[in-house]
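Me: Please take a close look at one part of this model. I want the side-chain contacts of a single residue, then how the rest of the fold is packed.

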Amino acid sequence: MLIQVCLYFYCKFLWRCLKFVMRKLTGRCELQRICYSTKPGASRTMKIETSLRDSKSKLLQTSVSVHPDAIEKTIEDIMELKKINPDINPQLGISLQACLLQIVGYRNLIADVEKLRREPYDSDNPQHEEMLLKLWRFLKPNTPLESRISKQWCEIGFQGDDPKTDFRGMGLLGLYNLQYFAERDATAAQQVLSDSLHPKCRDIAKEEISKFSKAEWEKKRMDKAIGYSFAIVGINITDLAYNLLVSGALKTHFYNIAPEAPTLSHFQQTFCYLMHEFHKFWIEEDPMDIMEFNRVREKFRKRIIKQLQNPDMALCPHFAASEGLINM
């Protein structure tokens with residue numbers, strides 16, 4: 001333990017010495033070198049975030065958590081601290097501002113998402129009830145809901161007669177995401193729901209039949225994909241998206257698609273993407289039954305995390321706003 005502590009401080013000392021030498025050689029501070037040599041997006045923003053967080057300056061350390069309205073003033077203070085003339089380096093301030101908007105925005109997004117997750121579904125709240133009824137109308141536009149408490153809820157993948165009990169783990173966040181998917185991507189949501197309810201018959205090659213027992217073959221012969229509960233899986237994928245966000249894994253994605261601060265809409269769009277991809281992954285995995293859900297979900301989670309380790313990764317580029325990033 002003592003050796004590790006000593007090694008840590010030794011490396012930190014060497015790093016500070018290296019930064020000092022680089023500043024003398026290039027005439028630029030670390031923030032300048034990052035902004036001038038790294039393309040905009042996750043690569044740049046994550047390096048800037050690390051540099052600010054690890055700085056010995058209190059101003060730089062706290063800059064990653066300032067209020068969005070204070071970012072412009074914070075940039076001015078940083079430029080003054082680093083003795084950088086904004087008239088000579090006008091683009092540096094713009095680049096730093098873009099990075100700070102993303103960094104601070106990500107932290108605020110976590111707070112917004114956490115607030116929704118912690119808010120329980122309240123059947124006495126008219127807004128909550130209206131959101132739930134809208135979810136039904138978006139997913140089953142041609143089928144009237146006979147009553148608020150009804151076995152019909154099982155048709156869209158809830159476990160019982162009253163969906164409110166299924167929102168306990170993710171609170172309102174689960175409902176927000178499901179409604180967003182059903183409303184903004186209605187055709188895809190209805191198709192995924194249909195597939196989850198009605199697995200299609202498929203042909204199995206003769207050489208495959210020998211791999212299964214008679215009972216297993218009869219079951220697989222009728223399944224293109226084992227059915228699953230759409231709403232419950234949606235809440236589960238909400239949990240996956242939430243954990244990716246809180247762990248910081250989604251920084252790569254959000255810093256690449258949001259030219260400024262990532263918002264709740266970006267998070268919900270990411271949820272839609274994860275629902276799309278999980279559904280395809282479920283079919284590809286061809287599970288024997290629903291009892292394999294946790295295995296498939298964990299394998300899917302690892303695949304997404306691996307993708308997010310690429311600093312150029314944007315999970316859903318069709319939602320990307322990265323075209324608006326200015327290469328400064």
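Reply: Start with the side chain of Q152, which reaches the backbone oxygen of P144 at 3.2 Å. The model is predicted, so this distance and those below are computed from a prediction. The backbone nitrogen of E146 lies 2.7 Å from a polar atom of the Q152 side chain. Q152 sits in the loop between α7 and α8. Is Q152 buried or exposed? Its relative accessible area is 8%, so Q152 is buried. The cut-off for buried is under 20%. Which residues surround Q152, leaving aside neighbours within four places in sequence? The contacts are W136, T143, P144, L145, E146 and S147.

Now follow the chain to α8, residues 171–184. Helix α8 packs against helix α14, residues 264–285. Their axes come within 9 Å and cross at roughly 70°. The two helices are therefore roughly perpendicular to each other. On the α8 side, the contact uses L173, Y176, N177, L178, Y180 and F181. On the α14 side, the partners are S265, F267, Q268, Q269, F271, C272, M275 and H276. By class, this contact has nine nonpolar residues, five polar ones and no charged ones.

D122 and G171 are 49 residues apart in sequence, yet 9.6 Å apart in space, C-alpha to C-alpha. D122 lies in the loop between α6 and α7. With 33% relative accessibility, D122 counts as partly exposed.

Next comes the nonpolar core. The largest one has 82 residues. Within this core, I48 and F181 have the most contacts. Helix α6 gives the most to the core, with eleven residues. In soluble globular proteins, nonpolar side chains tend to be buried together.

Take I48 in turn. Not counting residues up to four places away in sequence, I48 touches L31, I34, C35, L96, C99 and I103. I48 is also one of the α3 residues that meet α6, as the next helix pair shows.

Helix α3 spans residues 42–53 and helix α6 spans residues 90–118. Their axes come within 9 Å and cross at roughly 85°. That makes α3 roughly perpendicular to α6. From α3, the contact is made by R44, T45, I48, E49 and L52. From α6, it is made by S95, L96, C99, L100, Q102 and I103. By class, six residues of this contact are nonpolar, three are polar and two are charged.

S51 is found in helix α3. At 8% relative accessibility, S51 counts as buried. The side chains of S51 and E30 are joined by a polar contact of 2.7 Å. Leaving aside neighbours within four places in sequence, S51 is in contact with E30, L31 and I34. Of these, L31 and I34 are also touched by I48.

Finally, the whole chain. The protein has 15 helices and zero strands. Of its 328 residues, 44% count as buried. Among contacts with a separation of 6 or more, 66% come from residues 24 or more positions apart.

Methods:
Residues numbered from 1 in each chain as written. Predicted model: local features only at pLDDT ≥ 70, side-chain atom pairs only at ≥ 80, totals over all residues. Heavy atoms only, no water. Axes fitted to C-alpha atoms, helices over the stretch in contact; angles between N-to-C directions. Helix = DSSP H or I, 4+ residues; strand = E, 2+ residues; numbered from the N terminus. Parallel < 35°, antiparallel > 145°, perpendicular 65-115°, else oblique. Contact = heavy atoms within 4.5 Å. Nonpolar A, V, L, I, M, F, W, Y, C, P; charged D, E, K, R; others polar. Core = buried A, V, L, I, M, F, W, Y, C linked by side-chain atoms within 4.5 Å. Buried < 20%, exposed > 50% of the residue type's maximum accessible area, 1.4 Å probe, protein only. Polar contact = N/O pair within 3.5 Å; in protein donor to acceptor, adjacent residues only side chain to side chain.
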